Amino acid sequence: MEIRQISEDYSVTGQIAPEDVKQISDAGFKSVICNRPDGEQPDQPGNDAVRSAVEAAGLTFRYIPVISGQMTAENVAEQASALAELPSPVLAYCRSGTRCTNLFIAIQQSKG
């Protein structure tokens, strides 16, 4: 798992699995956002399995699926709301981390 820090309170990574949650918790993250829709690839862990592991570790979880290449204004607004509400630091994941990064950039641009 390669975690890339985007800001002081926001980092991104590719797909995580339930067994990665201890490492995420040990790294100091307080919340996890899944930006990857379930079923993109047959072998990916579903968000429910990851959510269970995240919440069992005492972290907060949010599911905001974004279809690759089809980010919407609603996705940006949901991500912005999540970042305003969730305990930080936050780790967001998708297939590679790119959608999570693009959402963050769009949030910053919308702030003008």
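What follows is a conversation about the predicted model shown above.

Q: Before anything else, what sort of model is this, and how are residues numbered?
A: This is a predicted model, in which local features need pLDDT of at least 70, side-chain atom pairs count only at pLDDT 80 or more, and totals for chains, interfaces and linings use all residues. Residues are numbered from 1 along each chain as its sequence is written, and side-chain values use heavy atoms, with hydrogens and water left out.

Q: How many helices and strands does the chain have?
A: The chain has four helices and five strands. Both are DSSP runs numbered from the N terminus, with helices (H or I) of at least four residues and strands (E) of at least two. Starting at the N terminus, the elements follow the pattern β-β-α-β-α-β-α-β-α.

Q: And what is its radius of gyration?
A: The radius of gyration is 13 Å, close to the 13 Å that the globule rule gives for 112 residues, so the chain is as compact as a globular protein of that length. The radius is taken over C-alpha atoms, and the rule is 2.2 Å times the number of residues to the power 0.38. Along the principal axes, the C-alpha atoms fill a box of roughly 40 × 30 × 20 Å.

Q: What share of the residues is buried?
A: Of the 112 residues, 39% count as buried. Buried means under 20% relative accessible area, exposed means over 50%, and partly exposed lies in between, with a 1.4 Å probe and protein chains only.

Q: Moving to the sheet, in what order do the strands lie?
A: The order is E1-E2-E5-E3-E4, in an open sheet of five strands with mixed pairing. Two strands pair if DSSP finds at least two bridges between them. Strand E1 (4–7) and strand E4 (60–63) stand at the edges with a single partner strand each, so one side of each has no neighbour in the sheet. On average, neighbouring strands are turned by 25 degrees against each other, direction ignored. Such angles run from 0 to 180 degrees between N-to-C directions, and the axes are lines fitted to C-alpha atoms, for helices over the stretch in contact.

Q: Which way do E1 and E2 run, parallel or antiparallel?
A: E1 and strand E2 (residues 10–13) run antiparallel and are joined by three bridges. A hairpin of two residues connects them, and arginine 4 has valine 12 in E2 as its bridge partner.

Q: What about the pairing with E5?
A: E2 runs parallel to E5, with four bridges between them, and threonine 13 stands opposite tyrosine 93. Strand E3 (residues 31–34) is also parallel to E5 (residues 90–93), again through four bridges. Here isoleucine 33 stands opposite alanine 92.

Q: Where do the E2 side chains point?
A: Tyr10 and Val12 point one way, Ser11 and Thr13 point the other way, and all are buried. In general, side chains in a regular strand alternate between the two faces of the sheet.

Q: Which strands does helix H2 touch?
A: Helix H2 (residues 47–56) packs on the sheet and touches E3, E4 and E5, and its direction makes about 160 degrees with that of E4. Contact means heavy atoms within 4.5 Å.

Q: Which residues of H2 are buried, and which are exposed?
A: Asn47, Val50, Ala53 and Val54 are buried. They cover an arc of only 130 degrees around the axis, which puts them on the same side of H2; the arc is that of the directions from the helix axis to the C-beta atoms. The face turned away from that buried side carries the exposed residues Asp48 and Ala56.

Q: Where is there a cis peptide bond?
A: The bond from serine 88 to proline 89 is cis, with omega near 5 degrees. Proline 89 lies in the loop between helix H3 (73–85) and E5, and counts as partly exposed at 24% relative accessibility.

Q: What does proline 89 contact?
A: Leaving aside neighbours within four places in sequence, proline 89 is in contact with Asp9, Gly28, Phe29, Lys30 and Ser31.
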